[in-house]
Amino acid sequence: MVRRKTIHPDQELDKLEAHLAGTLRPVTPPKDVIHRLRERIRFPQPHEIASHLRGEWTKMWLVFGGVMSGFLVLITVARAFFYLAGRRHGG
């Protein structure tokens with residue numbers, strides 16, 4: 001019977017990371033790529049952030065109002081159904 005040495009996944013991962021760290025070298029991207037990324041990524045001004053938050057609150061209240069209206073319609077339909085079903089059976 002051949003016995004295998006049990007290796008835990010953490011040990012195997014550590015070995016793989018050590019091997020990759022030894023074989024891979026860091027690469028610096030070209031300066032034009034960094035420049036294009038900096039142009040694309042920009043931090044919004046404080047007034048832009050405030051307007052987005054205000055818009056989010058408006059959307060949240062619209063969704064909340066829609067859900068509550070839906071619940072009221074559902075409750076009204078359920079009450080009408082139980083009222084009509086109760087009149088047929090109990091009289």
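The following dialogue examines how terms are assigned in a predicted model of a single chain.

Trainee: What makes up the secondary structure of the chain, and in which order do the elements run?

Mentor: The chain has three helices and zero strands. From the N terminus on, the order is α-α-α.

Trainee: How confident is the predictor in this model, and which helices have the lowest and the highest mean pLDDT?

Mentor: The mean pLDDT of the chain is 85, and 89% of its residues reach 70 or more. Among the elements, helix H1 (residues 9-23) has the lowest mean, 85, whereas helix H2 (residues 31-40) has the highest, 90. Where pLDDT is low, the predicted coordinates should not be read in detail.

Trainee: What share of the chain counts as buried, and how much surface is accessible?

Mentor: Of the 91 residues, 0% count as buried. The accessible surface comes to about 9,700 Å², and carbon and sulfur atoms account for 65% of that area.

Trainee: Why is Ile49 called partly exposed?

Mentor: Its relative accessibility is 42%. Ile49 lies in helix H3 (residues 46-89).

Trainee: Why is the pair of Trp61 and Phe64 called edge-to-face?

Mentor: A pair of aromatic rings is described by the distance of the centres and the angle of the planes. The count for the model is two aromatic pairs. In the pair of Trp61 and Phe64 the centres are 5.8 Å apart and the planes stand at 85°. Pairing requires centres within 6.5 Å, and edge-to-face requires an angle over 60 degrees; therefore the pair is edge-to-face. Trp61 and Phe64 are three residues apart in helix H3, which means that about one helical turn separates them.

Trainee: Are Trp61 and Phe64 exposed or partly exposed?

Mentor: Trp61 has 53% relative accessibility and therefore counts as exposed, the cut-off being over 50%. Phe64, at 45%, counts as partly exposed.

Trainee: How do you know that Arg42 and Glu48 form a salt bridge?

Mentor: Their closest N and O atoms are 3.3 Å apart, and the rule asks for a distance within 4 Å. Arg42 is exposed, with a relative accessible area of 54%, whereas Glu48 is partly exposed at 23%.

Trainee: How many salt bridges are counted, and why does the contact of Glu56 with Lys59 qualify?

Mentor: The count comes to two salt bridges. Glu56 and Lys59 meet at 3.9 Å, N to O; the limit is 4 Å, so the contact qualifies. Glu56 and Lys59 are three residues apart in helix H3, separated by about one helical turn. Glu56 is partly exposed, at 46% relative accessibility.

Note on methods:
Residues are numbered from 1 along each chain as its sequence is written. This is a predicted model: local features need pLDDT of at least 70, side-chain atom pairs count only at pLDDT 80 or more; totals for chains, interfaces and linings use all residues. Side-chain values use heavy atoms; hydrogens and water are left out. Helices (H or I, at least four residues) and strands (E, at least two) are DSSP runs, numbered from the N terminus. Buried means under 20% relative accessible area, exposed over 50%, partly exposed in between (1.4 Å probe, protein chains only). Accessible areas come from the Shrake-Rupley method with a 1.4 Å probe; for residues, only the protein chains shown count as cover. Rings of Phe, Tyr and Trp (its six-membered ring) pair if their centres lie within 6.5 Å; planes under 30 degrees apart count as stacked, over 60 as edge-to-face and the rest as tilted. pLDDT is the predictor's confidence in each residue, from 0 to 100. A salt bridge is a side-chain nitrogen of Lys or Arg within 4 Å of a carboxyl oxygen of Asp or Glu.
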